[in-house]
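The following exercises concern a single protein structure and are to be worked through with the sequence and the model at hand. Each task is followed by a solution in steps.

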Amino acid sequence: MANPSLLILAGDGIGPEVMAEVKKIISWYGDKRGLAFDVSEDLVGGAAYDVHGVPLADATMAKAQEVDAVLLGAVGGPKYDVLDFSVKPERGLLRLRKEMDLYANLRPAQCFDALADFSSLKKDVVAGLDIMIVRELTSGVYFGTPRGITTQPDGSRVGINTQVYTTEEIRRVARSAFELARRRNNKVCSMEKANVMESGILWREEVQWVHDNEYPDVELSHMYADNGAMQLVRRPKQFDVIVTDNLFGDVLSDCAAMLTGSLGMLPSASLGAPMANGRPKAMYEPVHGSAPDIAGQGKANPIACILSFAMALRYSFDQGDEATRLEKAIETVLADGVRTADLMGPEGGQPVSTTEMGDKILAA
Ligand code: ATP
Ligand code: MG
């Protein structure tokens, strides 16, 4: 059988720096674990604009559609701020998401014991935390029409956005969440505002429908999103998988992210419909951006990008044990006190470089 295929789009700023560490790890899997990938690399964002005049070339887009998974670094930087909106680096990312139709955005909030002091919450509230927020990414109030700002006859202005969800849009993201739950602890909490929103009522009904008809073995609960926000900071360990719409998911996933500390630690996955091989279309990327303020200085924390590859191992390549191996190595290194600059507490110490962090993880 052919090796699983991976397209690496390292992008701009610290993207290539953190991706270099992931590439070492990918080679290690081929050499030491007999797990070889067909890796191809291409340009995205400003790096693609510099060569092709567009932030994502058609040929790159076509490649992304064919591979088993895309691994992305980061895009953007001050150099490109002056560009026209249509060719801004971020448009490359948006094109990938849109054309691959990646409707389920997975953001884990996982607390490494060694970093529990980093949380804005008490240590016992977050220690051992491991939850996953599934955010609907391609519909809802960010896309619904009518939208716009209109001026009334009396000169006052009205800003309009519309939340629209269809049955199928809700069902497909619910399926992603239930599939995920079966690989984890078989528990989903769906969040909306069915008490005040029609789309919330439909959301609740359709998630329940998918549960009753397709995933009756998974435990399902429903919660109003405002209560969900409160529960996330009060007692986050009560959750396992949370599924919610685009807007609530945007807010709740940022909130959950900060339960665990630095931006340099947070991976994500964006999944779409199952392909012919049964695996979902997928793109994995760190939550952080290109961090122009530290780019080129060897200071970036590569862990978010490495954890994104661990998610790829688990969700695209059926290598859950290998993903756990990688996460354990990161845990070990952190427990040994190895820290990039972003993970330095007030007590200070000597930070390691991006490369040193990658090497330590590999050694572990
Ligand atoms: P974007 O708009 O692309 O999301 P942003 O401006 O929101 O980007 P980032 O580029 O993620 O933000 O950077 C925000 C801050 O976090 C910066 O100070 C940056 O140096 C820091 N940061 C981001 N990622 C990392 C990382 N991997 N390691 C260390 N620091 C990081
Ligand atoms: Mg940002």
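Predicted model: local features only at pLDDT ≥ 70, side-chain atom pairs only at ≥ 80, totals over all residues.

**Exercise 1.** Determine which residues of helix H1 meet helix H10, and describe how H1 and H10 are arranged.

Next, consider the axes. H1 covers residues 15–32 and H10 covers residues 303–315; their axes come within 8 Å and cross at roughly 40 degrees. Angles under 35 degrees count as roughly parallel and those from 65 to 115 as roughly perpendicular. H1 and H10 are therefore oblique to each other. The crossing of H1 past H10 is right-handed.

**Exercise 2.** Classify the packing of helix H6 against helix H7, and list the residues that make the contact.

*Solution.* Two packed helices are described by the angle between their axes and the distance between the axes. For H6 (residues 167–183) and H7 (residues 198–214), the angle is about 50 degrees and the axes are 9 Å apart. This angle makes H6 oblique to H7. The two helices cross in a right-handed sense.

The contact itself draws on Thr167, Ile170, Arg171, Ala174, Arg175 and Phe178 from H6. From H7 come Leu202, Trp203, Glu206, Val207, Val210, His211 and Glu214. By class, the contact of H6 with H7 contains seven nonpolar, two polar and four charged residues.

**Exercise 3.** Decide whether helices H8 and H9 are roughly parallel or oblique, and examine their contact.

*Solution.* Begin with the geometry: H8 (residues 225–234) and H9 (residues 246–257) pack at about 10 degrees, and their axes lie 10 Å apart. H8 and H9 are therefore roughly parallel to each other. On the side of H8, the contact is made by Ala225, Gly228, Ala229, Leu232 and Val233. On the side of H9, it is made by Phe248, Leu252, Cys255 and Ala256. The class count is eight nonpolar, one polar and no charged.

**Exercise 4.** Identify the residues that come nearest to ligand 1, and characterise the shell by class.

*Solution.* Of the 15 residues around ligand 1, those that come nearest are Gly264, His288, Gly289, Ala291 and Asn301. The shell divides into seven nonpolar, six polar and two charged residues.

**Exercise 5.** Locate and describe the backbone features at Ala291 and at Pro146.

*Solution.* Most residues other than glycine have a negative phi, and most peptide bonds are trans. Ala291, by contrast, has a positive phi, near 45 degrees. Ala291 sits in the loop between strand S12 (280–286) and H10.

For Pro146, inspect the bond that joins it to Thr145: this peptide bond is cis, with omega about 0 degrees. Pro146 is in the loop between strand S5 (130–136) and strand S6 (148–151).

Technical notes
Residues numbered from 1 in each chain as written. Chains lettered and ligands numbered in written order. Near = placed C-beta within 6 Å. Nonpolar A, V, L, I, M, F, W, Y, C, P; charged D, E, K, R; others polar. Axes fitted to C-alpha atoms, helices over the stretch in contact; angles between N-to-C directions. Helix = DSSP H or I, 4+ residues; strand = E, 2+ residues; numbered from the N terminus. Parallel < 35°, antiparallel > 145°, perpendicular 65-115°, else oblique. Left-handed = near helix turned anticlockwise from the far one by under 90°. Contact = placed C-beta atoms within 7 Å.
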